[in-house]
2 protein chains.
Amino acid sequence: MKEFQIIEQYFAGQGPMRKDVVLGVGDDCALVQPADDKVIAISCDTFAEGTHFLSDMPAADVGFKSLAVNLSDLASMGAEPAWMTLALTLPEIDESWLKQYCEGLYEIAEYYNISLVGGDTTRGARSITITVNGQVPESMALTRGGAGVGDWVYVTGTLGDSALGLDILLGNRDAESENKEYLIGRHYRPTPRMLAGQSLRGIASSAIDLSDGLISDIQHVLKSSEVGAIINVDQLPLSKALISSVGQEQAIEYALAGGEDYELLFTVPDAKVGALTASLNYAGVNYTRVGQITAGRDLELSFDGRTYVPQQNGFKHF
Amino acid sequence: MKEFQIIEQYFAGQGPMRKDVVLGVGDDCALVQPADDKVIAISCDTFAEGTHFLSDMPAADVGFKSLAVNLSDLASMGAEPAWMTLALTLPEIDESWLKQYCEGLYEIAEYYNISLVGGDTTRGARSITITVNGQVPESMALTRGGAGVGDWVYVTGTLGDSALGLDILLGNRDAESENKEYLIGRHYRPTPRMLAGQSLRGIASSAIDLSDGLISDIQHVLKSSEVGAIINVDQLPLSKALISSVGQEQAIEYALAGGEDYELLFTVPDAKVGALTASLNYAGVNYTRVGQITAGRDLELSFDGRTYVPQQNGFKHF
């Protein structure tokens, strides 16, 4: 099978077709109509076997997660998803794998209404690079740089589940069967907090998605905003599955340094806490206050008022 | 060195910074301001060692060509380049390679004024995926689908040089030293026909860039436009370097099937030939009439009025 046929069969005319796609896959470029009065948010992530996912990860989950991690970047800017390109590198043409990959990819693409507008296929070690485009009113975009001293620090959802899910898959940990399913599900199919991000427009002073672990990712906010923070580790949102599998002490470690949660961490000035409550409760988003921005430049971890010393740092490539 | 530091050192704040980049590399997404009254053209290409380039290709040329092949897609739509993302997969962090790669990349990025707005780095076999964004007034975009019966077929520049350059690099062919330098240069540093593409707005009825070879690529125009074509192979523009290295007969074969020329093939209705001459001559673009669109569905090759049978077909991956 030739490259052109692969693209035509699996990618041309598949997935949701937005009205603002003037010309889809199949020409030298796609053409899309940007919204008036919005800027375009652009992000690019590579998802590679061996580095970002295990070789036995189900293909449908690879499809789902390869887009989810990119959508998470749009969510953390408060942007609405619009279009994406897909560069797929595969060791050989395995139609069963491709079919399942596309099922997972289009499932999440449909849910968030993002159109595939371009792509390329190459032979090589399995790897997926997706570039997403979203849209957001310029004045409403959530960056890492706006946190002010005294702002409260929040996270969505629960933290640490994905990292324990990975440890279970690696055979480093075990859990009861129901918990195991939940934790592996959190690792394979993270939920990009799209609605949360859009609900934080005009409310949050800064936002970031948690891909490398809270300790590692919050540093980007502190550096960009030129502030410090205190995080109360006893307030971190932990799932029952996480606590019952590893106990509270280890659960906190997973939550602080585990990575791949793809939850949002965001800061809100005290004057906007009422608006936050109204907006996120209306959207049905779970969120938890976990700390406060400080005047220093450092990250301080506290447990019941005492300094907390973590055992490990955030996960990094290379 | 950590991933974040690579990105910061080589990609954040480097290359041309356009005014429409509201927020550059360094947050979860970049933010860009689209132009009023234009649509966005999007294209994505992977450039992988072993498949798309030889392992001993100079890093600066890899940088240049990895962007050039993407810009060529924008050119063939008549779009102006605007922004790009870069996903770089490298076997190890080789700072000398990276530095030269960036020199080549930013050289062409500066020339065409395209801003790097996002990226990702991963460990693995060397491979580059670039997604480019350009802008074009919707009614002016050049697609593959507009060729009409009787339209004249043109190509820019000369054809076949790149493929002979590759054969010289592979040791399959040889050439005199001056020709060799030219031909290898055409292979390593193709010229995206950006100005030609923009000059064809409102004039050409269809356009495509020649990446896989004329015989292969023109089929996309014929299929999309539901027409046929006759190409007069004796009219194909051939460089002196190509002819003097392999003779006219082989030169025609290189021009028909060689691939990687990244010249434009376009069609123009007879009524617009005057406008074409004025526009492309003003822009200083070399172009040659090579055939005509026919009412059939087939591609016919002719040499001095007789049917020409080519020896090989276009180059394809997989």
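In this predicted model, an unreviewed UniProt entry lists Gly119(A), Asp120(A), Arg144(A) and Ser211(A) under "binding site", an annotation that may be inferred rather than shown by experiment. These residues are spread over 93 residues of sequence and also in space, with up to 31.8 Å between C-alpha atoms. One of them, Arg144(A), lies in the loop between strand 6 (127-136) and strand 7 (152-156) of chain A, strands being DSSP runs of E of at least two residues and helices runs of H or I of at least four. Arg144(A) counts as buried because its relative accessible area is 12%, where buried means under 20%, exposed over 50% and partly exposed in between (1.4 Å probe, protein chains only).

Two residues other than glycine have a positive phi. Glu226(A), with a phi of about 55°, is placed in the loop between helix 7 (214-225) and strand 9 (228-232) of chain A, and is exposed at 53% relative accessibility. Glu260(B), with a phi near 65°, is found in the loop between helix 8 (240-257) and strand 10 (264-268) of chain B, but is buried at 12%.

Asp36(A), Asp37(A), Asp36(B) and Asp37(B) form a negative surface patch, a group of like charges joined within 9 Å, each residue having over 30% relative accessible area and no salt bridge (a Lys or Arg side-chain nitrogen within 4 Å of an Asp or Glu carboxyl oxygen). Asp37(B), in the loop between strand 2 (30-32) and strand 3 (39-48) of chain B, is exposed at 72%.

Residues are numbered from 1 along each chain as its sequence is written, and chains are lettered from A in the order in which they are written. Local features need pLDDT of at least 70, side-chain atom pairs count only at pLDDT 80 or more, totals for chains, interfaces and linings use all residues, and side-chain values use heavy atoms, leaving out hydrogens and water.

Conventions
Patch = residues over 30% accessible without salt bridge, like charges linked within 9 Å, V, L, I, M, F, W, Y side chains within 5 Å. Areas by Shrake-Rupley, 256 points an atom, 1.4 Å probe, with all protein chains shown as cover. Lys, Arg positive; Asp, Glu negative; His and termini not counted. Charge placed at Lys NZ, Arg CZ, Asp CG, Glu CD.
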